[in-house]
Amino acid sequence: MSRSDANWCAKFHRLFACHVSNVSENANSKIEFTEASEFGLSVHPLTESPSKAWRKCKKKQKSVKLENFTPGGPVEDDKVRVVCMSDTHCKTSIMPFDVPSGDIFIHAGDFTNSGSLDEVVEFNEWLGTLPHKHKIVIAGNHELSFDPTFTRRLESYDFAALRFDRDQIEKVNNLKNIKQFLTNCDYLEDSMVERFGLKIYGTPWQPEYGGGAFNLPRGRPCLDKWNLIPEGVDILVTHSPPLGHGDHCWPGVRAGCVDLLVTVQERVKPKYHVFGHVHEGYGVTTDGNIIYMNASSCNLRYLPVNRPIVFDIALPNCIAKTLFSK
Ligand SMILES: [Zn+2]
Ligand SMILES: [Zn+2]
(Lines give C-alpha, C1' and ligand atoms only; values in the text may rest on other atoms or scores of the structure.)
(Ligands and ions follow the chains in the order given, each with its own letter.)
Protein backbone atom coordinates (compact mmCIF):
# COMPACT_ATOMS: atom_id res chain seq x y z
CA MET A 1 0.00 0.00 0.00
CA SER A 2 1.42 3.43 -0.91
CA ARG A 3 1.81 6.21 1.65
CA SER A 4 -1.06 8.21 0.17
CA ASP A 5 -3.24 5.12 0.26
CA ALA A 6 -2.29 4.57 3.90
CA ASN A 7 -3.21 8.19 4.78
CA TRP A 8 -6.45 7.90 2.92
CA CYS A 9 -7.20 4.63 4.71
CA ALA A 10 -6.52 6.12 8.15
CA LYS A 11 -8.75 9.08 7.36
CA PHE A 12 -11.47 6.74 6.19
CA HIS A 13 -11.24 4.72 9.41
CA ARG A 14 -11.69 7.89 11.48
CA LEU A 15 -14.66 9.05 9.49
CA PHE A 16 -16.24 5.67 9.46
CA ALA A 17 -15.87 5.06 13.17
CA CYS A 18 -17.78 8.25 13.98
CA HIS A 19 -20.33 8.90 11.29
CA VAL A 20 -21.24 5.96 9.17
CA SER A 21 -23.96 7.77 7.29
CA ASN A 22 -21.71 10.70 6.45
CA VAL A 23 -18.86 8.79 4.92
CA SER A 24 -19.81 9.36 1.33
CA GLU A 25 -20.17 13.09 1.92
CA ASN A 26 -16.92 13.43 3.84
CA ALA A 27 -14.55 11.02 2.15
CA ASN A 28 -12.47 13.16 -0.12
CA SER A 29 -12.38 10.86 -3.08
CA LYS A 30 -15.59 10.43 -4.98
CA ILE A 31 -14.72 7.54 -7.26
CA GLU A 32 -15.58 8.04 -10.86
CA PHE A 33 -16.16 4.93 -12.91
CA THR A 34 -16.19 6.14 -16.47
CA GLU A 35 -17.13 2.77 -17.90
CA ALA A 36 -20.34 2.84 -15.89
CA SER A 37 -21.19 6.36 -16.99
CA GLU A 38 -20.34 5.55 -20.55
CA PHE A 39 -22.33 2.34 -20.76
CA GLY A 40 -25.00 2.94 -18.14
CA LEU A 41 -26.29 -0.22 -16.54
CA SER A 42 -26.10 -2.23 -19.71
CA VAL A 43 -23.71 -5.15 -19.95
CA HIS A 44 -20.09 -4.09 -19.63
CA PRO A 45 -18.08 -4.79 -22.81
CA LEU A 46 -15.39 -6.60 -20.80
CA THR A 47 -17.83 -8.65 -18.75
CA GLU A 48 -16.32 -11.92 -20.01
CA SER A 49 -12.80 -10.94 -18.92
CA PRO A 50 -12.78 -9.70 -15.31
CA SER A 51 -8.99 -9.41 -15.10
CA LYS A 52 -8.91 -7.28 -18.23
CA ALA A 53 -11.85 -5.20 -17.01
CA TRP A 54 -10.06 -4.49 -13.73
CA ARG A 55 -6.81 -3.54 -15.48
CA LYS A 56 -8.78 -1.08 -17.60
CA CYS A 57 -10.66 0.64 -14.78
CA LYS A 58 -8.40 0.28 -11.75
CA LYS A 59 -6.75 3.70 -12.14
CA LYS A 60 -10.13 5.24 -11.45
CA GLN A 61 -11.12 2.76 -8.75
CA LYS A 62 -10.01 2.38 -5.15
CA SER A 63 -9.91 -1.00 -3.48
CA VAL A 64 -8.24 -0.32 -0.17
CA LYS A 65 -7.88 -3.07 2.38
CA LEU A 66 -9.22 -2.18 5.83
CA GLU A 67 -7.20 -3.87 8.58
CA ASN A 68 -8.35 -4.16 12.20
CA PHE A 69 -11.90 -3.67 11.11
CA THR A 70 -13.58 -5.37 14.09
CA PRO A 71 -15.27 -2.87 16.44
CA GLY A 72 -14.03 -2.90 20.02
CA GLY A 73 -16.29 -2.73 23.08
CA PRO A 74 -20.04 -3.01 23.35
CA VAL A 75 -22.31 -1.83 20.57
CA GLU A 76 -23.87 1.62 21.05
CA ASP A 77 -27.62 2.05 21.59
CA ASP A 78 -28.26 3.59 18.19
CA LYS A 79 -26.36 0.88 16.29
CA VAL A 80 -26.72 -2.83 15.70
CA ARG A 81 -23.87 -5.30 15.48
CA VAL A 82 -23.75 -7.49 12.39
CA VAL A 83 -21.70 -10.70 12.28
CA CYS A 84 -20.90 -12.06 8.82
CA MET A 85 -19.76 -15.48 7.67
CA SER A 86 -19.72 -17.35 4.38
CA ASP A 87 -18.45 -20.60 2.89
CA THR A 88 -18.44 -22.66 6.08
CA HIS A 89 -18.90 -25.87 4.01
CA CYS A 90 -20.06 -28.12 6.89
CA LYS A 91 -17.01 -27.16 8.99
CA THR A 92 -18.74 -25.26 11.80
CA SER A 93 -17.96 -28.00 14.34
CA ILE A 94 -14.20 -27.66 13.85
CA MET A 95 -13.87 -23.88 13.64
CA PRO A 96 -11.03 -22.80 15.96
CA PHE A 97 -12.97 -19.77 17.24
CA ASP A 98 -16.38 -18.84 18.66
CA VAL A 99 -18.87 -16.86 16.60
CA PRO A 100 -19.05 -13.37 18.17
CA SER A 101 -22.41 -12.32 19.53
CA GLY A 102 -24.37 -9.53 17.85
CA ASP A 103 -27.83 -8.47 16.73
CA ILE A 104 -27.82 -9.81 13.17
CA PHE A 105 -26.00 -12.85 11.78
CA ILE A 106 -25.45 -13.10 8.02
CA HIS A 107 -24.28 -16.15 6.07
CA ALA A 108 -23.48 -15.48 2.40
CA GLY A 109 -23.83 -19.04 1.08
CA ASP A 110 -21.94 -22.33 0.62
CA PHE A 111 -22.94 -23.59 4.05
CA THR A 112 -22.93 -27.16 2.66
CA ASN A 113 -20.83 -29.14 0.20
CA SER A 114 -23.69 -30.39 -1.98
CA GLY A 115 -26.98 -29.32 -0.37
CA SER A 116 -27.85 -32.77 0.98
CA LEU A 117 -30.58 -33.07 3.59
CA ASP A 118 -28.13 -34.11 6.34
CA GLU A 119 -25.93 -31.10 5.66
CA VAL A 120 -28.85 -28.66 5.65
CA VAL A 121 -30.33 -30.07 8.87
CA GLU A 122 -26.94 -29.91 10.60
CA PHE A 123 -26.43 -26.30 9.50
CA ASN A 124 -29.92 -25.36 10.66
CA GLU A 125 -29.26 -26.90 14.08
CA TRP A 126 -26.01 -24.96 14.35
CA LEU A 127 -27.84 -21.75 13.44
CA GLY A 128 -30.23 -22.51 16.30
CA THR A 129 -27.35 -22.40 18.78
CA LEU A 130 -26.28 -18.87 17.76
CA PRO A 131 -27.41 -16.02 20.03
CA HIS A 132 -28.23 -13.43 17.36
CA LYS A 133 -31.78 -12.08 17.27
CA HIS A 134 -31.96 -12.25 13.48
CA LYS A 135 -30.16 -14.71 11.20
CA ILE A 136 -30.08 -14.21 7.46
CA VAL A 137 -28.88 -16.83 5.01
CA ILE A 138 -28.50 -17.09 1.24
CA ALA A 139 -27.43 -20.10 -0.82
CA GLY A 140 -24.30 -20.51 -2.94
CA ASN A 141 -23.21 -22.72 -5.81
CA HIS A 142 -22.74 -25.67 -3.43
CA GLU A 143 -26.40 -25.71 -2.35
CA LEU A 144 -27.39 -27.81 -5.37
CA SER A 145 -30.79 -28.79 -3.97
CA PHE A 146 -31.80 -25.14 -3.51
CA ASP A 147 -31.75 -24.34 -7.23
CA PRO A 148 -34.74 -25.85 -9.03
CA THR A 149 -33.27 -24.90 -12.41
CA PHE A 150 -30.16 -26.90 -11.57
CA THR A 151 -32.04 -30.07 -10.68
CA ARG A 152 -34.26 -29.78 -13.76
CA ARG A 153 -31.21 -29.45 -16.00
CA LEU A 154 -29.61 -32.59 -14.64
CA GLU A 155 -31.24 -34.96 -17.13
CA SER A 156 -29.07 -33.57 -19.87
CA TYR A 157 -25.98 -32.85 -17.79
CA ASP A 158 -22.53 -34.10 -18.58
CA PHE A 159 -21.66 -35.30 -15.08
CA ALA A 160 -17.96 -35.41 -15.85
CA ALA A 161 -18.00 -31.66 -16.49
CA LEU A 162 -19.30 -30.94 -12.98
CA ARG A 163 -17.06 -30.58 -9.98
CA PHE A 164 -19.46 -32.56 -7.83
CA ASP A 165 -19.44 -36.35 -7.91
CA ARG A 166 -22.36 -38.23 -9.36
CA ASP A 167 -23.46 -39.76 -6.01
CA GLN A 168 -23.72 -36.33 -4.39
CA ILE A 169 -25.76 -34.98 -7.26
CA GLU A 170 -28.16 -37.90 -7.48
CA LYS A 171 -28.71 -37.73 -3.71
CA VAL A 172 -29.78 -34.09 -3.82
CA ASN A 173 -31.69 -34.31 -7.08
CA ASN A 174 -34.67 -36.00 -5.42
CA LEU A 175 -34.92 -33.52 -2.57
CA LYS A 176 -38.03 -31.40 -2.66
CA ASN A 177 -38.75 -28.26 -0.68
CA ILE A 178 -35.33 -28.32 0.96
CA LYS A 179 -35.68 -24.68 2.01
CA GLN A 180 -38.34 -25.67 4.56
CA PHE A 181 -35.59 -27.24 6.67
CA LEU A 182 -33.98 -23.84 7.27
CA THR A 183 -36.26 -22.97 10.18
CA ASN A 184 -33.77 -20.97 12.23
CA CYS A 185 -33.19 -18.10 9.81
CA ASP A 186 -34.62 -15.85 7.15
CA TYR A 187 -33.63 -17.44 3.84
CA LEU A 188 -33.26 -14.82 1.09
CA GLU A 189 -33.32 -15.57 -2.63
CA ASP A 190 -33.70 -12.44 -4.75
CA SER A 191 -35.63 -11.03 -1.81
CA MET A 192 -35.31 -8.57 1.06
CA VAL A 193 -36.09 -8.33 4.77
CA GLU A 194 -36.17 -5.29 6.99
CA ARG A 195 -34.61 -5.79 10.42
CA PHE A 196 -34.14 -2.96 12.95
CA GLY A 197 -35.33 -0.68 10.13
CA LEU A 198 -32.38 -1.78 7.95
CA LYS A 199 -33.05 -3.16 4.49
CA ILE A 200 -31.12 -6.37 3.80
CA TYR A 201 -31.28 -7.95 0.34
CA GLY A 202 -29.88 -11.36 -0.62
CA THR A 203 -29.21 -13.15 -3.90
CA PRO A 204 -27.36 -16.44 -4.56
CA TRP A 205 -26.51 -16.04 -8.27
CA GLN A 206 -22.92 -16.03 -9.52
CA PRO A 207 -21.03 -16.00 -12.84
CA GLU A 208 -20.62 -19.51 -14.21
CA TYR A 209 -17.94 -21.58 -12.52
CA GLY A 210 -17.81 -25.35 -12.14
CA GLY A 211 -21.45 -25.98 -13.06
CA GLY A 212 -22.95 -25.70 -9.57
CA ALA A 213 -26.21 -24.16 -8.40
CA PHE A 214 -27.28 -20.62 -9.28
CA ASN A 215 -24.57 -20.41 -11.99
CA LEU A 216 -25.26 -18.03 -14.86
CA PRO A 217 -23.23 -16.99 -17.89
CA ARG A 218 -21.49 -13.63 -17.40
CA GLY A 219 -23.16 -10.67 -19.04
CA ARG A 220 -26.88 -10.26 -19.57
CA PRO A 221 -28.07 -13.29 -17.49
CA CYS A 222 -26.13 -12.05 -14.41
CA LEU A 223 -27.07 -8.41 -14.96
CA ASP A 224 -30.75 -9.37 -15.14
CA LYS A 225 -30.42 -10.73 -11.59
CA TRP A 226 -28.49 -7.68 -10.35
CA ASN A 227 -31.21 -5.48 -11.86
CA LEU A 228 -33.67 -7.05 -9.39
CA ILE A 229 -31.80 -5.51 -6.45
CA PRO A 230 -33.72 -2.43 -5.32
CA GLU A 231 -32.12 0.92 -4.58
CA GLY A 232 -31.93 1.96 -0.94
CA VAL A 233 -30.61 -1.35 0.38
CA ASP A 234 -28.48 -0.93 3.51
CA ILE A 235 -26.76 -4.31 3.44
CA LEU A 236 -26.43 -6.26 0.20
CA VAL A 237 -25.64 -9.98 0.46
CA THR A 238 -24.51 -11.83 -2.66
CA HIS A 239 -22.69 -15.14 -2.87
CA SER A 240 -20.05 -13.95 -5.30
CA PRO A 241 -17.92 -10.80 -5.22
CA PRO A 242 -18.04 -7.74 -7.43
CA LEU A 243 -14.98 -7.01 -9.54
CA GLY A 244 -12.01 -5.63 -7.60
CA HIS A 245 -13.08 -6.49 -4.05
CA GLY A 246 -12.31 -9.85 -2.44
CA ASP A 247 -12.13 -11.47 -5.87
CA HIS A 248 -8.38 -11.94 -6.30
CA CYS A 249 -7.73 -15.60 -7.07
CA TRP A 250 -4.00 -15.48 -7.66
CA PRO A 251 -1.62 -12.82 -9.02
CA GLY A 252 -3.24 -11.04 -11.90
CA VAL A 253 -6.44 -13.08 -11.98
CA ARG A 254 -9.77 -11.73 -10.82
CA ALA A 255 -13.09 -13.56 -10.67
CA GLY A 256 -15.53 -10.80 -9.67
CA CYS A 257 -18.41 -9.59 -11.79
CA VAL A 258 -17.93 -6.15 -13.36
CA ASP A 259 -21.68 -5.78 -13.89
CA LEU A 260 -22.24 -6.37 -10.17
CA LEU A 261 -19.62 -3.71 -9.33
CA VAL A 262 -21.31 -1.16 -11.59
CA THR A 263 -24.73 -2.04 -10.15
CA VAL A 264 -23.47 -1.64 -6.60
CA GLN A 265 -21.55 1.59 -7.15
CA GLU A 266 -23.81 3.39 -9.59
CA ARG A 267 -27.33 2.31 -8.71
CA VAL A 268 -27.87 0.35 -5.46
CA LYS A 269 -25.20 2.09 -3.32
CA PRO A 270 -25.53 -0.06 -0.18
CA LYS A 271 -23.52 0.84 2.92
CA TYR A 272 -22.16 -2.70 3.10
CA HIS A 273 -21.76 -5.50 0.57
CA VAL A 274 -21.24 -8.96 2.08
CA PHE A 275 -20.22 -12.00 0.00
CA GLY A 276 -17.87 -15.02 -0.11
CA HIS A 277 -17.30 -17.67 -2.82
CA VAL A 278 -13.68 -16.74 -3.62
CA HIS A 279 -12.15 -18.36 -0.54
CA GLU A 280 -8.74 -16.77 -1.01
CA GLY A 281 -10.30 -13.29 -1.17
CA TYR A 282 -11.23 -13.13 2.55
CA GLY A 283 -11.06 -9.64 4.05
CA VAL A 284 -12.53 -6.13 4.05
CA THR A 285 -12.01 -3.45 1.40
CA THR A 286 -13.54 -0.10 0.49
CA ASP A 287 -13.82 2.15 -2.52
CA GLY A 288 -14.34 5.16 -0.26
CA ASN A 289 -18.13 4.93 -0.23
CA ILE A 290 -19.07 1.29 0.25
CA ILE A 291 -17.53 -1.33 2.53
CA TYR A 292 -17.04 -4.70 0.83
CA MET A 293 -16.47 -7.85 2.85
CA ASN A 294 -15.50 -11.29 1.66
CA ALA A 295 -16.47 -13.32 4.74
CA SER A 296 -15.32 -16.77 3.54
CA SER A 297 -14.59 -18.88 6.59
CA CYS A 298 -12.85 -21.61 4.65
CA ASN A 299 -9.57 -21.07 2.88
CA LEU A 300 -8.59 -22.64 -0.43
CA ARG A 301 -8.06 -26.01 1.23
CA TYR A 302 -11.55 -25.83 2.80
CA LEU A 303 -10.17 -25.31 6.30
CA PRO A 304 -12.33 -22.93 8.38
CA VAL A 305 -9.53 -20.62 9.47
CA ASN A 306 -11.00 -17.16 8.83
CA ARG A 307 -12.88 -15.42 11.61
CA PRO A 308 -16.34 -13.91 11.16
CA ILE A 309 -16.32 -10.27 10.04
CA VAL A 310 -18.11 -7.92 12.43
CA PHE A 311 -19.38 -4.36 11.97
CA ASP A 312 -21.68 -1.94 13.74
CA ILE A 313 -24.20 -0.09 11.59
CA ALA A 314 -26.15 3.01 12.64
CA LEU A 315 -29.91 2.58 12.75
CA PRO A 316 -31.89 4.76 10.35
CA ASN A 317 -32.53 8.25 11.79
CA CYS A 318 -30.70 7.25 14.99
CA ILE A 319 -33.68 5.21 16.25
CA ALA A 320 -32.87 3.49 19.56
CA LYS A 321 -32.46 -0.26 19.19
CA THR A 322 -34.75 -0.85 22.17
CA LEU A 323 -37.71 0.23 20.02
CA PHE A 324 -37.29 -3.04 18.14
CA SER A 325 -37.17 -5.22 21.26
CA LYS A 326 -40.62 -6.77 20.74
ZN1 LIG B 1 -17.17 -21.96 -1.09
ZN1 LIG C 1 -19.24 -20.61 -3.85
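Is Asp87 buried or exposed, judged by its C-beta neighbours inside 10 Å? In this predicted model, Asp87 counts as buried because it has 28 C-beta neighbours inside 10 Å, where 20 or more are required for that class. Asp87 is located in the loop that joins strand 2 (79-85) to strand 3 (104-107), and its phi is near 50 degrees, which is a positive value in a residue other than glycine.

His89 also has a positive phi, of about 45 degrees, although it is not a glycine, and it is placed in the loop between strand 2 and strand 3. With 21 C-beta neighbours inside 10 Å, His89 therefore counts as buried, given the cut-off of 20.

The largest nonpolar core contains 63 residues, of which Val82, Cys84, Ile106, Ile235, Val237, Val274 and Met293 touch the most other members. Helix 9 (residues 258-268) gives the most to this core, contributing six residues. When residues up to four places away in sequence are not counted, Val82 touches Gly102, Ile104, Ile106, Ile235, Phe311 and Ile313; two of these partners, Ile106 and Ile235, are themselves named among the core residues that touch the most other members.

As regards the confidence of the prediction, the mean pLDDT of the protein is 84, and 82% of its residues reach 70 or more. Over residues 1-40, by contrast, pLDDT stays under 50, and for this segment the model has 43 contacts beyond four places in sequence.

Notes
Residues numbered from 1 in each chain as written. Chains lettered and ligands numbered in written order. Predicted model: local features only at pLDDT ≥ 70, side-chain atom pairs only at ≥ 80, totals over all residues. Core = buried A, V, L, I, M, F, W, Y, C linked by C-beta atoms within 7 Å. Buried ≥ 20, exposed ≤ 12 C-beta atoms within 10 Å, placed from the backbone. Helix = DSSP H or I, 4+ residues; strand = E, 2+ residues; numbered from the N terminus. Contact = placed C-beta atoms within 7 Å. pLDDT = per-residue confidence, 0-100.
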